Each structure stands twice: as C-alpha cells, then as structure tokens.
Amino acid sequence: MENQPNAEWFEHVISKLEDVDDVLLMEGHQKSHKKVSDALELLNWAEENLTRGTLPCIATRHSTRKFKQEPIEEEKLRQVIEAGRQAPSGKNKQQNHFLVVRDKAVLERLVELVQQEFAKMEITDENSEDIGGAIRLAKKGNYVFKYNAPCLIIVANKRNYGNRYADTACAIENMMLAANALDLGSCWINQLRWLKDNPVIMEYLYELGLHEEEAVFGSLSLGYADSEDGLPNRRMVPIKGNEVTYIG
Ligand SMILES: Cc1cc2nc3c(=O)[nH]c(=O)nc-3n(C[C@H](O)[C@H](O)[C@H](O)COP(=O)(O)O)c2cc1C
C-alpha cells in the first residue's frame, strides 16, 4: 500500500504529460498527441479512483494538531457527524451521544478546566505512561489539550455499558475518515476520557448537556489544517507495528 502513488504523484505526472501534449499539439504531431491524450485520460481515471476511494482515505489519514480558526461549513460538519452516527454499535444500541462544541467561550472554559484539573494531579508509576505528559504540561500552564481546533466533538456513552469504548471508537474513526474525505483535519483527543471521573469536569459537561448516566470515552478535534495548502497531511507511512498472523 505504501508504494501506491498518491494524489501529489498523480498531479505531478499529469501536469508533466500535459506539457508534453501541448508541445505535440503545437508542433502538429497528431498521432503522438492522440497517444498522450489517451494516457492522460487513463491517468485521470486512476487519480480519481485510486486516490479518492475508501482505502486511500484510510491509508492517508493522519492526525492534525495545528488548526486554522476558519469555521467548518455547516454541511461538512453535518456530514462528519452523520459518519459518526452511522458507525456500527454493539447490538445496534446506537446510544453514542455527540456533543458538538463550537462556542468559543465553552471551548476556552474546557481548556481552562482541563488544565486546572490535570495541574492538581501528581505523576505516579501507575499514571505516568497515560497522563504523565498531560500533568507535566498542565503544571507548566498554557496546556491546550484540543490544539485550538474550532470544533471539538465529544463522544459519550452510558457509563457502565459493556461496549462503551468500542462503540465510541467506531464513531470517532468514522468521523476521522469522513473528515479526511472532506479535506478537514482531525485528531483524537483523550483528555476528557482520562478525566471522566473528575467531579469538576463532569459538572461542566452536565451543564453542556451530558446525561447523568453518561461518561465521555473520547473526543475529536476538527477543523481546517493550518498547513500551507490548508489540507490535512496525507502522506502514506509504512506501518511497522500491528502484527498479522495468518492461519490457513
Ligand atoms: C485511543 C486514542 C487516543 C488518542 N489520544 C490522543 C490525544 O489525547 N492527543 C493527541 O494528540 N493524539 C491522540 N491520539 C492520536 C494518536 O497519537 C495518533 O493517531 C497516532 O500517533 C498515529 O498518528 P496518526 O494519527 O498521525 O496516523 C489518540 C489516538 C487514539 C486511537
């Protein structure tokens, strides 16, 4: 998969061939022009089908951690949320709860509270691998857990339901893929899940609409990437972990 040409590769080759085609046309080489334009048609087809389907969308998705403040179009946001809602769930329970936060004051308050609550904690042998970094950064101040994205989608489920992590993870992955397909950047954000038993955070989330029996199991920062072309980074990287054992 990692050797498959990506969108940039196609763009480069197509533009080179178009230059050649222009010269052939200008110099009246009709037969060669026909061959090159056939090749261009094939390449355009391949670009459309090999770089924009489901598998390339999965292979090129990567986390975005620098966002523009530009708001997300309503229709795009709706499509991302629908992708989350369409995710499979254990026994088809469909009981994920999506809190879509765009209100600047609320986002700022969440950042403030997350920093405040992590800063109160101490790093221990038990928590250092998972939240040691968050505690250290929070104690220093200026800890923006959601990377200034203009939108944070918090995904909750029933606190004691057996498939709570699996159902929310399916929804979050669906939303990350939809975001990539729609040229939006996204990043899984776990801090609210680490703080799911923190009374200060819980009280604020209840104010925002979380139901009493629910807890947060993940969230997603969403927005346009603060990159030169405004697109999420779509490089393909070879996967070195994730062992596969074929039996038969
Ligand atoms: C369960 C889970 C929790 C994660 N939590 C965070 C997080 O809190 N903050 C963050 O910046 N990235 C988080 N990530 C993103 C991973 O760091 C990222 O997906 C991984 O390093 C692979 O990089 P990529 O997404 O660019 O391919 C999380 C990802 C998963 C699946």
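Which elements each supply at least two residues of the lining of the largest cavity? Helix 7 and strand 3 do. Keep in mind as you look around that this is a predicted model.

Let's start inside the protein. A search of the whole structure turns up one cavity of 30 Å³ or more, and the space in the largest cavity comes to about 30 Å³.

The residues that line the largest cavity are Arg 61, His 62, Met 176, Asn 180, Leu 184, Gly 185, Ser 186 and Pro 232. Sorted by class, this lining has three nonpolar, four polar and one charged residues.

## The largest pocket

Next comes the open space. The largest pocket holds about 480 Å³, and 22 residues line it. If you want to find its centre on screen, look for Ala 7, Glu 8, Thr 51, Asp 183 and Arg 234, which lie nearest to that point. Helix 1 (7–26), helix 2 (30–51), helix 3 (54–60) and helix 7 (164–181) are the elements that give two or more residues to the lining of this pocket.

## Around the ligand

Now for the ligand. Its surroundings are made up of Arg 61, His 62, Ser 63, Arg 65, Tyr 147, Cys 187, Trp 188, Ile 189, Asn 190 and Gln 191. Strand 3 (residues 185–189) gives the most to this shell, with three residues. By class, the shell has four nonpolar, four polar and two charged residues.

## Polar contacts and cover

Which residues place polar atoms by the oxygen atoms of the ligand? Ser 63 has a polar side-chain atom 2.5 Å from a ligand oxygen atom. For Arg 65, a polar side-chain atom lies 2.8 Å from an oxygen atom of the ligand. Asn 190 takes part through its backbone, with an N or O atom 2.9 Å from a ligand oxygen atom. On its own, the ligand has 620 Å² of accessible area, and the protein covers 58% of that.

Definitions and conventions
Residues are numbered from 1 along each chain as its sequence is written. This is a predicted model: local features need pLDDT of at least 70, side-chain atom pairs count only at pLDDT 80 or more; totals for chains, interfaces and linings use all residues. Side-chain values use heavy atoms; hydrogens and water are left out. On a 1 Å grid over the protein atoms alone, a cavity is a set of points where a 1.4 Å probe fits but cannot get out, and a pocket is an open set with protein on both sides within 12 Å along at least five of seven lines; lining residues have an atom within 4 Å of a point. Grid points are joined across faces, edges and corners, and a volume is the space filled by probe spheres set on the points. Helices (H or I, at least four residues) and strands (E, at least two) are DSSP runs, numbered from the N terminus. A residue is near a molecule or strand if one of its heavy atoms lies within 4 Å of it. A polar contact is a pair of N or O atoms within 3.5 Å; within protein, one must be able to donate a hydrogen and the other to accept it, and residues adjacent in sequence count only if both atoms are side-chain atoms. Accessible areas come from the Shrake-Rupley method with a 1.4 Å probe; for residues, only the protein chains shown count as cover. Ala, Val, Leu, Ile, Met, Phe, Trp, Tyr, Cys and Pro count as nonpolar, Asp, Glu, Lys and Arg as charged, and the others, Gly among them, as polar.
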